[in-house]
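Dear colleague,

Please find below the structure I am handing over to you. My notes on it follow directly after.

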Amino acid sequence: MTATQFTLFFIATLALTTLARLWLARRHLAHIARHRAAVPDAFREQIQLADHQKAADYTSAKTRFSMLGILFDAALLLIFTVGGGIQLIADICQGWFSQPLVQGIATLVTVLVLSSLLETPFSLYRTFRIEARFGFNKMTVKLYLIDALKGMLIGAILGLPLLFGVLWLMGRMGEYWWLYVWGVWVVFNLLILFIYPSFIAPLFNKFSPLQDQAMKTRIEALLARCGFTSSGLFVMDGSKRSAHGNAYFTGFGKTKRIVFFDTLLERLSISEVEAVLAHELGHFKHHHVMKRIAATFTMSLGCLWLLGQLMQTSWFYQGLGVSTPSTALALLLFFMVMPVFGFFISPIMSAYSRKHEFEADAYAARQTAANDLVRALVKMYQDNAATLTPDPLYSKFYDSHPPAAVRIANLQAL
Ligand SMILES: [Zn+2]
């Protein structure tokens with residue numbers, strides 16, 4: 001392959017995925033608009049027309065705004081790569097630092113910081129305009145800034161040593177560097193999973209032990225029935241940032257915790273909370289977390305091997321606007337460009353995730369009452385203003401959870 005051929009191939013693929021994303025968004029908008037006038041039959045008893053229309057308007061506002069983001073991201077990627085942006089930043093960093101490893105890290109960090117600064121207006125608009133307009137945002141500008149600073153600091157503390165280690169291994173370990181880097185990557189990710197519940201999450205939210213005795217008794221009985229041990233039931237002050245509700249598990253082994261958003265507990269009855277938790281336990285019982293981690297690690301091994309091959313060609317660099325090849329620039333280009341090609345496997349990943357959701361729902365229906373889960377889900381759809389009528393194709397591509405109607409029909413058939 002020549003550099004020019006690769007440039008054309010990259011631009012064509014980017015154009016194709018960008019158009020496909022925009023087309024899917026348009027379909028989604030049209031589908032929601034067509035179903036805006038009436039609540040779907042299956043939900044008529046529980047959901048009011050006003051709530052259904054709020055969900056339609058909220059989803060449409062988010063989708064319409066995401067179309068702008070899709071175009072912006074594509075333009076930014078072109079400027080950074082074939083537009084010579086990365087090369088320019090690399091040249092500047094080369095002038096500032098003499099050590100190649102430091103030059104590489106400086107280039108990577110500059111590009112990452114610059115991209116996140118450029119994305120900030122989008123995030124601000126989403127939080128303070130769209131989320132606020134529909135009554136979901138609880139965040140102040142001050143909290144937003146503190147979150148951003150904390151995120152950057154944690155990213156630097158954890159990410160810089162990792163980056164340093166990875167670039168060092170890439171430069172020193174010869175032909176099979178990608179195996180060493182993969183080992184480091186696996187250990188790093190497991191470490192994050194271990195420290196996240198006790199060290200990282202508490203930097204952003206307060207976690208207090210669940211106080212409600214009646215609920216606690218019910219939940220502990222469910223846990224015992226399912227043969228599950230955890231190191232605690234916690235309530236998280238999710239209402240600090242958003243009115244959206246959720247429940248999740250974090251951690252491994254002894255650090256395993258069950259976390260409920262305060263916003264969720266406020267809205268659901270004890271039986272409904274129990275059903276939601278049973279669904280989460282279903283994920284655990286079916287080893288979904290482990291399977292997902294194993295799948296991610298396998299894919300990252302494949303990616304690193306591929307990067308190892310691409311790095312040895314000159315067309316990979318030149319085709320993406322870089323005239324001074326280096327390990328740092330190879331790493332940067334690869335992870336910027338890969339999502340463009342990864343778009344085509346996103347329906348497979350989404351389908352895999354939806355399969356897990358069905359399995360967890362079936363488990364919940366065996367351990368608790370399916371109807372409790374249905375009621376809890378409808379309340380969550382309503383509170384989150386999630387559309388009940390997504391475009392089927394859009395949903396196939398992006399949704400990690402089955403569409404509301406499909407999921408509920410499935411639960412009712414169990
Ligand atoms: Zn789930």
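I begin with a helix pair. Helix 6 meets helix 10 through Trp177, Trp178, Leu179, Val181, Trp182, Trp185, Val186, Asn189, Leu190 and Leu193 on its own side, and through Ile293, Phe297, Ser300, Leu301, Leu304, Trp305, Leu307 and Gly308 on the side of helix 10. Please bear in mind throughout that the model is predicted.

As to geometry, helix 6 spans residues 177-204 and helix 10 spans residues 288-310; their axes lie 9 Å apart, and the packing angle is about 150°. An angle over 145 degrees counts as roughly antiparallel, and helix 6 and helix 10 are therefore roughly antiparallel to each other. The crossing of helix 6 with helix 10 is right-handed.

A second pair is formed by helix 14 and helix 16, the latter covering residues 404-413; the two axes come within 9 Å and cross at roughly 165°. Helix 14 is therefore roughly antiparallel to helix 16 as well. Here the crossing is left-handed. Helix 14 contributes Ala370, Leu373, Val374, Leu377, Val378 and Tyr381 to the contact, while helix 16 contributes Ala404, Arg407, Ile408, Leu411 and Gln412. These residues divide into 9 nonpolar, 1 polar and 1 charged.

Helix 14, which runs over residues 370-384, also holds asparagine 384. Asparagine 384 counts as buried because its relative accessibility is 19%, and the cut-off for burial is under 20%. Beyond its neighbours within four places in sequence, asparagine 384 is in contact with Tyr58, Phe136, His244 and Gly245.

I turn next to the metal site. Which residues coordinate the zinc ion? The donors are His279 and His283, each through NE2, and Glu357 through OE, at 2.0 to 2.1 Å. Along the chain, the donors of the zinc ion are spaced as H-x3-H-x73-E. Both histidine 279 and histidine 283 belong to helix 9 (residues 270-285), where they stand 4 residues apart, about one turn of the helix.

Are these two histidines buried or exposed? Histidine 279 counts as buried because its relative accessibility is 5%. Histidine 283 likewise counts as buried, with a relative accessibility of 10%.

With kind regards

Definitions and conventions
Residues are numbered from 1 along each chain as its sequence is written. This is a predicted model: local features need pLDDT of at least 70, side-chain atom pairs count only at pLDDT 80 or more; totals for chains, interfaces and linings use all residues. Side-chain values use heavy atoms; hydrogens and water are left out. Donors are N, O and S atoms within 2.8 Å of the metal (3.2 Å for Na, K and Ca); water is not among the atoms, so sites may look incomplete. Helices (H or I, at least four residues) and strands (E, at least two) are DSSP runs, numbered from the N terminus. Buried means under 20% relative accessible area, exposed over 50%, partly exposed in between (1.4 Å probe, protein chains only). Contact means heavy atoms within 4.5 Å. Axes are lines fitted to C-alpha atoms, for helices over the stretch in contact, and angles run from 0 to 180 degrees between N-to-C directions. Angles under 35 degrees count as roughly parallel, over 145 as roughly antiparallel, 65 to 115 as roughly perpendicular and the rest as oblique. A crossing is left-handed if the near helix is turned anticlockwise from the far one by less than a right angle, and right-handed if clockwise. Ala, Val, Leu, Ile, Met, Phe, Trp, Tyr, Cys and Pro count as nonpolar, Asp, Glu, Lys and Arg as charged, and the others, Gly among them, as polar.
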